[in-house]
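Dear colleague,

Please find below the structure I promised to hand over. My notes on it follow directly after.

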Amino acid sequence: MLFNPAIERLPLPQLRALQNALLKEQVAYVYDRVPFYKQKFDALGVHPTTFRGLEDLGKLGFTKKTDFRDNYPFGLFAVPENEVARLHCSSGTTGKATVVGYTAGDLDIFAEVVARSLAAAGCRPGMKLQNAYGYGLFTGGLGIHYGAEMLGLTVIPVSGGSTDRQLQLLQDFRPEIICATPSYAQVLAEEIKRRGISPEDINLQYAVLGAEPWTDTIRQQVEMGLRVKATNIYGLSEIMGPGVSQEDVNERGTGSYVWEDHFYPEIVDKHTGEPVAEGELGVLVFTTLTKKAMPILRYWTNDITNLTYDYSESRTHVKMGPIRGRADDMLIIRGVNFFHTQVEDILSSLPQVSPYYQVVASRRGSMDEVEVSVEIAEELMRDLGLETVTADTVQQHDCLQALQGSFAKKIKDNIGLSMKVTLLGFGTLPRSEGGKLNRVRDLRSLA
Ligand code: ADP
Ligand code: K
């Protein structure tokens with residue numbers, strides 16, 4: 001289902017014309033109202049009267065996370081404070097939180113893009129949605145909430161965590177949809193199995209997962225464990241919140257539609273800031289085309305992905321691939337760059353391990369080392385009669401040694417790096433407590 005077919009299928013030439021007109025307006029709007037942008041544009045020789053639209057987008061420079069901090073709290077706002085209907089903060093995964101503001105009109109657009117996203121995810125008016133995204137300053141909870149209401153869903157605003165209550169409500173209220181971080185959806189899937197809750201007691205059909213990078217490894221676990229079709233929702237506070245892009249439930253694995261009439265995406269080279277060829281990986285950059293309280297031009301998200309068009313599919317808007325990771329959490333080991341999502345990707349080809357893992361980079365002498373810890377699958381633990389797993393356990397079982405070796409080989413073949421693989425007992429690695437889960441530790445700066 002398309003929530004707004006006229007826009008979601010707008011022919012590309014018309015979409016471009018719309019974006020072009022909106023961009024020119026947005027440039028003039030910020031030039032008049034936000035000193036930060038006026039100074040920046042003056043320095044860059046950009047003026048609204050001569051700015052030609054999309055073809056001149058590259059002349060605007062970038063807005064970075066530090067610009068939010070330097071203008072904390074309200075320096076980037078384009079409206080008087082009494083016109084701001086809501087404030088949010090980014091969850092502060094990296095460094096100090098940033099403040100974002102919305103007019104009432106901005107909130108309507110926020111709700112509409114989330115409504116479009118949920119419709120693309122398979123949700124239909126009349127269904128119930130259990131919202132396990134965190135409520136509060138984080139944009140996730142309320143962002144999903146109002147979009148779900150706009151689509152005509154019944155919202156169950158549980159927020160993140162409280163796994164007992166989540167499971168109780170899944171059984172009592174029988175929602176068709178769950179929204180959560182992928183790492184928390186893993187926990188719900190695992191707990192349903194562990195507690196022996198029968199699939200018939202749960203009525204879920206769709207899971208809408210986002211706020212952190214995830215791969216098909218997690219999709220498989222969640223789809224099987226919760227008996228759902230799981231799609232990706234992407235967003236960030238600086239641009240809006242969740243609902244900047246969304247995967248269509250019938251096109252899973254082919255990328256997430258970016259709602260381009262509001263958020264104009266670019267992919268640029270991490271070092272030069274120059275646009276890359278279509279389909280190439282680089283840093284995702286967004287320009288808000290319609291935001292009034294806090295318009296942001298060319299925001300350097302630090303997220304690494306690519307953009308592709310597939311002209312035969314259901315919508316005209318561009319698709320972004322899964323986020324491989326953030327530019328600043330890419331590990332550079334002995335000259336090789338990699339993201340933890342590449343390790344996660346490999347796990348789905350090894351049924352003898354669980355989808356839980358951790359990557360630790362450290363330095364011994366002048367050598368960088370990476371250790372990947374992964375849990376042995378519950379079934380294999382049971383088959384081998386194991387309660388716990390130590391290095392000795394692995395030595396005593398040929399099959400575990402072979403598993404360790406084949407995992408290390410897959411890593412070497414796919415990523416091009418030798419890593420130390422450690423097998424752990426099922427259930428020993430940290431699980432999400434309701435929000436995002438950090439799977440990488442870089443100890444090298446401490447050495
Ligand atoms: P913070 O930057 O503090 O985490 P936000 O809550 O605004 O604050 O999070 C936005 C970031 O979350 C994005 O820039 C991206 O790194 C990550 N993110 C959000 N949705 C997804 C997703 N579907 N896949 C991968 N990463 C995501
Ligand atoms: K997030």
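How many Å separate the centres of domain 1 and domain 2, taken over C-alpha atoms? The separation is 31 Å. Please bear in mind that this is a predicted model.

The two domains

The domain assignment divides the protein into domain 1, residues 1-326, and domain 2, residues 330-446. In the contact, 27 residues come from domain 1 and 20 residues from domain 2. Together the domains bury about 2000 Å² between them, and 49% of that area lies on carbon and sulfur atoms. On the side of domain 1, E190, T215 and T217 supply 24% of the area buried against domain 2, more than any other three residues.

For residues 335-444, the unreviewed UniProt entry records the feature "domain: AMP-dependent ligase C-terminal". Over this stretch the chain is 35% helix and 30% strand, with the end C-alpha atoms 14 Å apart.

The second largest pocket

The second largest pocket holds about 680 Å³ of space. It is lined by 28 residues, of which K193, Q220, Q221, M224 and P355 are the closest to its centre. Both domains take part: domain 1 and domain 2 each give at least three residues to the lining of this pocket.

Which elements supply at least two residues each to that lining? They are helix 8 (182-194), helix 9 (216-226), strand 18 (353-364) and helix 11 (378-384). Helix 9 gives the most, with 6 residues. By class, the lining of the second largest pocket consists of 16 nonpolar, 7 polar and 5 charged residues.

The cavity

The structure also holds 1 cavity of 30 Å³ or more. The space in the largest cavity comes to about 50 Å³. Its lining is made up of F68, N71, Y72, P73, L76, V99 and M294. In this lining 6 residues are nonpolar and 1 is polar, while no charged residue is present.

Two points of backbone geometry

Two residues of the cavity lining, Y72 and P73, are joined by a cis peptide bond, with omega near -5 degrees. P73 sits in the loop between helix 4 (65-70) and strand 1 (86-89).

The other point concerns S162, a residue other than glycine whose phi is positive, near 50 degrees. Where is S162 placed? S162 belongs to the loop between strand 4 (154-156) and helix 7 (163-172).

With kind regards

Key: Residues numbered from 1 in each chain as written. Chains lettered and ligands numbered in written order. Predicted model: local features only at pLDDT ≥ 70, side-chain atom pairs only at ≥ 80, totals over all residues. Heavy atoms only, no water. 1 Å grid on protein atoms, 1.4 Å probe; cavity = no way out; pocket = protein on both sides within 12 Å on 5 of 7 lines; lining within 4 Å. Points joined across faces, edges and corners; volume = space filled by probe spheres on them. Helix = DSSP H or I, 4+ residues; strand = E, 2+ residues; numbered from the N terminus. Nonpolar A, V, L, I, M, F, W, Y, C, P; charged D, E, K, R; others polar. Domains from an automatic or database assignment. UniProt positions renumbered as here; feature names shortened; annotations may be inferred. Contact = heavy atoms within 4.5 Å. Buried area = accessible area lost by both parts, 1.4 Å probe.
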